[in-house]
Amino acid sequence: VRHQLKLQRLTNNLKEANERLTLLAMLDPLTGAHNRRHFLEIMENELPRMKRHKHPLSLIIMDIDNFKNINDTYGHDIGDLVIIEIIRISTSMLRQNDVLGRMGGEEFTILLPETTLEEAHLIANRLCSEIAQASVQTPDSAITFTVSCGLGKMEEDDVKPEQTIKRADIALYQAKRNGRNRVVAFDNKS
């Protein structure tokens, strides 16, 4: 009986350790948002489901404006606090089925199932506004920061997440070129 109890305890410990490892493999350690690999897996599963049911799917790519300047001026620890605050704000504003991912550095993606491009535009504008009102305390003062957002929507012929992401990325660069702290939706006419 003692042997069985010990074996059961070891089995439970192994199961818990495996669950922790699985989470670590899916989440960004700084923010708890989905990491790039896991975000792309989720998106790869969502695309066919949305297409099959003929539901809209939109994507926001959000990038912190002048983030290098924040890190260079205040240090990477303050830069990390800015990232954490942006994730906190974004998470509080998103719906349960929306998926937030950290693609790397200061770039984030938000997958919006059941959301038209027009609805995504409203969400992104609210995010920009809320983030612009936030601040992070440095040793000397509070600093503010902004984000730029590019929007893309799933098209009928999209078979890979990268196709939708590419359109949102093009829109993001347009937002940056247009002065930052703004939202631009991909326009396939331009």
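Glu41 is partly exposed, with a relative accessible area of 36%; this class lies between buried (under 20%) and exposed (over 50%), as judged with a 1.4 Å probe on protein chains only. Arg37, at 43% relative accessibility, is also partly exposed. The structure is a predicted model, in which local features need pLDDT of at least 70 and side-chain atom pairs count only at pLDDT 80 or more, while totals for chains, interfaces and linings use all residues. Residues are numbered from 1 along each chain as its sequence is written, and side-chain values use heavy atoms, without hydrogens and water.

The side chains of Arg37 and Glu41 form a salt bridge, with N to O at 2.9 Å. A salt bridge here is a side-chain nitrogen of Lys or Arg within 4 Å of a carboxyl oxygen of Asp or Glu. Both residues belong to helix α2 (residues 36-52); they are four residues apart, so about one helical turn separates them. Helices (H or I, at least four residues) and strands (E, at least two) are DSSP runs, numbered from the N terminus.

The structure contains nine salt bridges. One of them pairs Arg88 with Glu85, whose closest N and O atoms are 2.7 Å apart. These two residues lie in helix α4, three residues apart, about one turn of the helix. Arg88 is partly exposed at 46%, whereas Glu85 is buried at 16% relative accessibility. Arg167 bridges to Asp158, with the closest N and O atoms 2.3 Å apart. Both Arg167 and Asp158 are buried. Salt bridges also link Asp63, Asp65 and Lys176 in a network.

Nonpolar packing was examined next. A nonpolar core is a set of buried Ala, Val, Leu, Ile, Met, Phe, Trp, Tyr and Cys residues joined through side-chain atoms within 4.5 Å. The largest such core has 32 residues. Ile60, Met62, Ile64, Val82 and Ile86 have the most contacts inside it. At least two core residues come from each of β2 (57-64), α3 (67-74), α4 (76-93), β4 (107-113), α5 (117-133) and β7 (147-153). Helix α5 supplies the largest share, seven residues. A second, separate core has 16 residues, including Met43, Val99, Leu111 and Ala168. In soluble globular proteins, nonpolar side chains tend to be buried together.
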